[in-house]
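Hi,

Here is the structure I said I'd pass along.

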Amino acid sequence: MKSHDAVDLEDGKTGKSGDKPMQRKIHNRALLSGLAYCISSCSMILVNKFVLSSYNFNAGIFLMLYQNLVSVIIVVFLSLMGLITTEPLTLRLMKVWFPVNVIFVGMLITSMFSLKYINVAMVTVLKNVTNVITAVGEMYLFNKQHDNRVWAALFLMIISAVSGGITDLSFNAVGYAWQIANCFLTASYSLTLRKTMDTAKHVTQSGNLNEFSMVLLNNTLSLPLGLLLSFSFNEMDYLYQTPLLRLPGFWMVMTLSGLLGLAISFTSMWFLHQTGATTYSLVGSLNKIPLSIAGIVLFNVPTSLQNSASILFGLVAGVVFARAKMREKS
């Protein structure tokens, strides 16, 4: 990725030799953006786990709904202040985007449900199955071929997920079922997003659809659908009775989770701009290691040597997969 001043952000080099202050500035920005992305993405999962498990909050759809509402309010505010640019949400654009938004909502809800029942470390390992489904989907839907190193890494992911499930001392069948559903929905979202984005660009005023517009579009469309699902799952009766909603501290934690969700979108875009897809992919895989350790320590997860080894094996498989994808692209 290069800018107009011929700055190679991936290698940290500039067009002018010996421009050390510029190189140092680029490296500092890359480090800061990467740190911000890692902290926000780890914190989001840990805070969600805290709300759902430690508070024992039984309204995962409402939590998603509130988080998305926080994101919409902040994005609209920033847009009105002229700090960011977003596309107008026309009826044509919403019609194009609605099918992929249904998958998006399903992806978020199943993630909430699985996180309530499964420990953070196993969730990160089981999410690797998404890569397997995506790779198979790319092969059959888009006739995209992967080399042997990619398939070897995917095979390691499957082994780690199966062995992790077998050795999981806190195994919960309901949680695993929700996580498997989440893997299929996440893969479906990934496979359909690019085509939907290309179609959506033709119905926007600028002929483009930036990250901020996608955040606004996804979160706005998710509100009525999330509200409908919340009623369908009888969450409103629970919300009326639970004393949690009368605790200011609980609302602060939920609001924090909404802010972190939006922070992931902003920091990931910042990190990608400062580095590139290669570094972003690798850091995303490496980021799961401290997240898994933090999840085990903070929530006192009962574990065994066999389960810890399976989790570590799965995390390493994720890094191997990221490196294999880099070599495949190059």
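Predicted model: local features only at pLDDT ≥ 70, side-chain atom pairs only at ≥ 80, totals over all residues.

The pLDDT averages 87 over the chain, and 90% of the residues score at least 70. Helix α2 comes out with the highest confidence, at 95, while helix α11 (residues 277-286) has the lowest, at a mean of 73. One stretch to be careful with is residues 1-15, where the pLDDT is below 50. That stretch still has 32 contacts in the model beyond near neighbours in sequence.

Now for α2 itself. This helix covers residues 60-80, so 21 residues by the DSSP run. From first C-alpha to last it reaches 30 Å, close to the 30 Å expected at 1.5 Å a residue. After the helix comes glycine 82, which has a positive phi near 80°. Phenylalanine 77 sits in α2, and its relative accessible area is 48%, so it counts as partly exposed. Together with Met81 and Leu83, Phe77 makes a nonpolar surface patch of about 360 Å².

You'll find isoleucine 118 in the loop between α3 (91-117) and α4 (120-126). With a relative accessible area of 1%, isoleucine 118 is buried, because the cut-off for that is under 20%. Its C-alpha lies 9.5 Å from that of aspartate 168, which is 50 residues away in sequence.

The other spot is threonine 134, in helix α5 (residues 128-141). Is threonine 134 buried or exposed? It has a relative accessible area of 12%, so threonine 134 is buried too. Ignoring neighbours within four places in sequence, threonine 134 is in contact with Ala187, Ser190 and Leu191. Serine 190 is 56 residues from threonine 134 along the chain, yet their C-alpha atoms are separated by 7.4 Å.

Asparagine 143 is in the loop between α5 and α6 (148-167). Its phi is positive, near 55°, in a residue other than glycine. Asparagine 143 is exposed, at a relative accessible area of 60%. Further along, asparagine 300 has a positive phi of about 50° and isn't a glycine either. Asparagine 300 belongs to the loop between α12 (288-298) and α13 (305-329). At 66% relative accessibility, asparagine 300 counts as exposed, since that is over the 50% cut-off.

Last, the charges. How many salt bridges are there? The count comes to one. Aspartate 147 pairs with arginine 149, and their closest N and O atoms are 3.6 Å apart. Aspartate 147 is partly exposed, with a relative accessible area of 23%. Arginine 149 is partly exposed as well, at 44%.

Cheers

Conventions: Residues numbered from 1 in each chain as written. Heavy atoms only, no water. Helix = DSSP H or I, 4+ residues; strand = E, 2+ residues; numbered from the N terminus. Expected span 1.5 Å × (residues − 1). Patch = residues over 30% accessible without salt bridge, like charges linked within 9 Å, V, L, I, M, F, W, Y side chains within 5 Å. Areas by Shrake-Rupley, 256 points an atom, 1.4 Å probe, with all protein chains shown as cover. Salt bridge = Lys/Arg side-chain N within 4 Å of Asp/Glu carboxyl O. Buried < 20%, exposed > 50% of the residue type's maximum accessible area, 1.4 Å probe, protein only. pLDDT = per-residue confidence, 0-100. Contact = heavy atoms within 4.5 Å.
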